[in-house]
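This report covers helix packing and the surroundings of a ligand.

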Amino acid sequence: MSRVILEKYGGDLTWIIDSPLDEARKALLELPGVGEKTADVILVNLGKPTFPVDTHITRISIRLGIAKSRNYREIQRAWMSILTPDPNRYLEVHLKLIQFGRDVCKARSPRCDVCGFKDVCNYYMSNVKTKTAQ
Ligand code: SF4
C-alpha cells in the first residue's frame with residue numbers, strides 16, 4: 001500500500017480531506033487492502049458524511065430488523081436514513097453501536113435481559129420472548 005501511495009500520489013493523501021466524498025472513497029478503495037469499511041472509517045473521521053458498517057453493526061442491524069441482509073450498502077443506507085445527516089452523528093452512533101455490540105448485543109449470547117431495544121427487536125421477539133413464554 002505504501003508503494004502505491006508513493007507511486008500514485010507522491011506519498012501525499014491529504015488531498016482527500018478536501019475532495020468530494022465519492023472521489024475520496026474511490027481513491028481509497030483502489031488502495032490494496034482497503035475495503036468499504038476501512039474507507040468509510042477514514043472518511044467519517046475526516047468529517048465526510050458516510051456511515052461505516054462493521055461486523056457488530058451488521059449483526060445488530062439484522063437482529064433489530066433494520067436490515068434484511070448482510071449487504072454493506074443496505075445496512076449503511078438504513079442507518080443513514082434513520083440518523084440526522086451529520087458526519088459527527090454518524091461517527092458517534094457508529095462507535096456507540098460497536099460498543100453496544102461488544103457489551104450487550106454480543107455475537108454468541110446477546111444480553112437481551114438488560115437491553116433497552118427488546119420491545120422493537122425482531123431477534124428478541126422471535127427467539128427470546130417466544131421461548132421464555134413457553
Ligand atoms: S434485544 Fe437482544 S438481540 Fe435485540 S438488540 Fe438487544 S441484545 Fe441484541
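## Helix packing

Angles under 35 degrees count as roughly parallel, over 145 as roughly antiparallel, 65 to 115 as roughly perpendicular, and the rest as oblique. The model is predicted, with local features needing pLDDT of at least 70 and side-chain atom pairs pLDDT 80 or more, while totals for chains, interfaces and linings use all residues. Residues are numbered from 1 along each chain as its sequence is written, and side-chain values use heavy atoms, without hydrogens or water.

Helix H3 (residues 36-45) packs against helix H6 (residues 87-103) at an angle of about 130°, with the axes 9 Å apart; H3 and H6 are therefore oblique to each other. Their crossing is left-handed. Helix H2 (residues 21-29) and H3 pack at about 135°, also with axes 9 Å apart, which makes H2 oblique to H3. The crossing of H2 and H3 is right-handed.

## Ligand site

The ligand sits in the largest cavity (more than half of its atoms lie within 2 Å of the grid points; a cavity is a set of points on a 1 Å grid over the protein atoms alone where a 1.4 Å probe fits but cannot get out). Around the ligand are Arg63, Leu64, Val104, Cys105, Pro110, Cys112, Cys115, Lys118, Cys121, Tyr123 and Tyr124 (a heavy atom within 4 Å). Helix H4 (55-64) and helix H7 (122-133) are the elements that give two or more residues to this shell.

By class, the shell has 9 nonpolar, no polar and 2 charged residues.

Technical notes. 1 Å grid on protein atoms, 1.4 Å probe; cavity = no way out; pocket = protein on both sides within 12 Å on 5 of 7 lines; lining within 4 Å. Helix = DSSP H or I, 4+ residues; strand = E, 2+ residues; numbered from the N terminus. Nonpolar A, V, L, I, M, F, W, Y, C, P; charged D, E, K, R; others polar. Axes fitted to C-alpha atoms, helices over the stretch in contact; angles between N-to-C directions. Left-handed = near helix turned anticlockwise from the far one by under 90°.
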